[in-house]
Amino acid sequence: MSTPQIAAKNLDLFYGEFQALHDINLNISEKQITALIGPSGCGKSTFLRTLNRMNDLVKGVSIKGEIQIGGENIYDKSVNVVELRKKVGMVFQKPNPFPMSIYDNIAYGPRAHGIKKKAQLNEIVERSLKQAALWNEVKDRLHSSALGLSGGQQQRLCIARVLAVEPEIVLMDEPTSALDPLATLKVEELVNELKQQYTIVIVTHNMQQAARISDITSFFLNGKIVETDITSKVFTNPSNKQTEDYITGKFG
Amino acid sequence: MNVLRKQKIAFACLSGLGLLTVCVLIFIIGYILSQGLTMINIEFLTSKPRKMGAEGGIFPAIIGTLYLVITTMIIATPIGVGAAIYLNEYTSRGKITSVIRFATEALAGIPSIVFGLFGFAFFVILLEPVTGGWSILSAALTGVTMVLPTIVRTAEEALKAVPDSLREGSLALGTTKWQTIKGLILPTAMPGIITGIILSIGRVVGETAAFLLTLGGTLLIPQSLMDGSRTLSLHLYMVAMETGAMDVAFGTAAVLIILILIINLTASWFFRRLIKRFS
Ligand SMILES: Nc1ncnc2c1ncn2[C@@H]1O[C@H](COP(=O)(O)OP(=O)(O)O)[C@@H](O)[C@H]1O
Ligand SMILES: [Mg+2]
């Protein structure tokens, strides 16, 4: 394996007094899909949100340890959080399209980053929507409201919106939990495609999903990582008893 | 008496009361319009008053109303919306916030004549060199103190109604907080903010007491913000009290009612759009 693109080192996270993450160590490689699994409340989202510093928005959060991305500790004082989030995009559990047109949703990020030329924006919008496998469905109504799309389309729109900013890493927090099986399948196919170009970290409560799409799986329990390994190994021959209990459905 | 019967009686009483309210409302508006509408024509709207307003048109009062509304809103809107942004986006629900919130609510409950007295003492007398004494500027500043609570509160409600998932979605794209506010939060909250602005315009148009003490009441057409003027409400009061020309008074009242109706309909249209946006 090459040197990891993301490396969490002895990471502790506290919500006030409550410690939500305990001594997390995890290496994530470039252009792979890493799945974070574990029962609800075990700290998957919390960990994911440390990777683009979304936890900074939560009052009373404190962090010990390091997260290195491309060799740099992103919690270093010199790090520009806005720049970091351009590099590390995020797709949320519930689709959160902005109340504006499909086009404006996609162009929102690039515009904020200073791109003004219409032709260039058009090109970004088309490319991003194609990458997110949404172009054919919406190309005739780019200027109608994004809120009129179905749930699955909205989630792919949110993915396209992230891709428009040209991140290197895409974080996904249970991106299909609000979707029906068909829409879920489409998003999974899409995620599989995206791995050619992006490093993907995906939280999922759905173990079949983790098994289907990820290269590496990391099992979280009570704020700790129990086991991280190649996905097929985790699901067929886990080295830890707790992992085995979880994937065989004994708890969670 | 069984429960069903009680319910029927309660329903009958309540719907009777409801009907009564509507009837009273229709009667009042109908009466004023029937007295006033015959007065309204182009001449009435565009010509100057004669004999202290007992005859002639109401043109200066229309101009005065427009000037006062525009001046008040130009000052009050940025301050009010800015304060709401500060309260909702930059402070967590801490001590300062609750103090500011308490102040705005308290301000909303004060009778307008008290604002008028303050405006008279402060803007008209004390700041005369700046405001020109009785003037549109003095009245507008007084109006600002009156409508600010409404603007702050409605804008704050509108901002609060914008779900946090949108703020997160925007920040996660690598935008700054200010870009998020300007590009996403404000536009999303805009219908609600505009509702507050329109309600405030209605308050200024309908206000009499506070402007009686600050606007002067001259019938001349104002040449600058430091000139006095009168609004339609003020004109109505003065014509009725000073000249007893009830036909002109009713004509003015009819114009006022139509104006307020238009303003309220616009406000509710924006309000409906706001609701639609989040459902
Ligand atoms: N903003 C917060 N403030 C306090 N505690 C939180 C907050 N967010 C999450 N937690 C707690 O941290 C733990 C991990 O939560 P989370 O990361 O959301 O779990 P998961 O995504 O695995 O379901 C839970 O016990 C949860 O209650
Ligand atoms: Mg979660």
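**Loops and a sheet**

Mentor: Lys51(B) sits in the loop between strand 1 (49–50) and strand 2 (55–56) of chain B. Strands (E, at least two residues) and helices (H or I, at least four) are DSSP runs, numbered from the N terminus. This is a predicted model: local features need pLDDT of at least 70, side-chain atom pairs count only at pLDDT 80 or more, and totals for chains, interfaces and linings use all residues. Residues are numbered from 1 along each chain as its sequence is written, chains are lettered from A and ligands numbered from 1 in the order in which they are written, and side-chain values use heavy atoms, leaving out hydrogens and water.

Trainee: What is phi of Lys51(B) near?

Mentor: Near 50°, a positive value in a residue other than glycine. Most residues other than glycine have a negative phi.

Trainee: And is Lys51(B) buried or exposed?

Mentor: Exposed, with a relative accessible area of 59%. Exposed means over 50%, buried under 20%, partly exposed in between (1.4 Å probe, protein chains only).

Trainee: Where is Glu174(A) found?

Mentor: In the loop between strand 7 and helix 7 (181–194) of chain A. Phi of Glu174(A) is also positive, near 45°, and Glu174(A) counts as buried at 13% relative accessibility.

Trainee: New topic: in what order do the six strands of the open sheet in chain A come?

Mentor: 6-7-8-3-9-10, with mixed pairing; two strands pair if DSSP finds at least two bridges between them. The edge strands, strand 6 (88–91) and strand 10 (224–230) of chain A, each pair on one side only.

Trainee: How many bridges join strand 3 to strand 8 of chain A?

Mentor: Four, and these strands run parallel.
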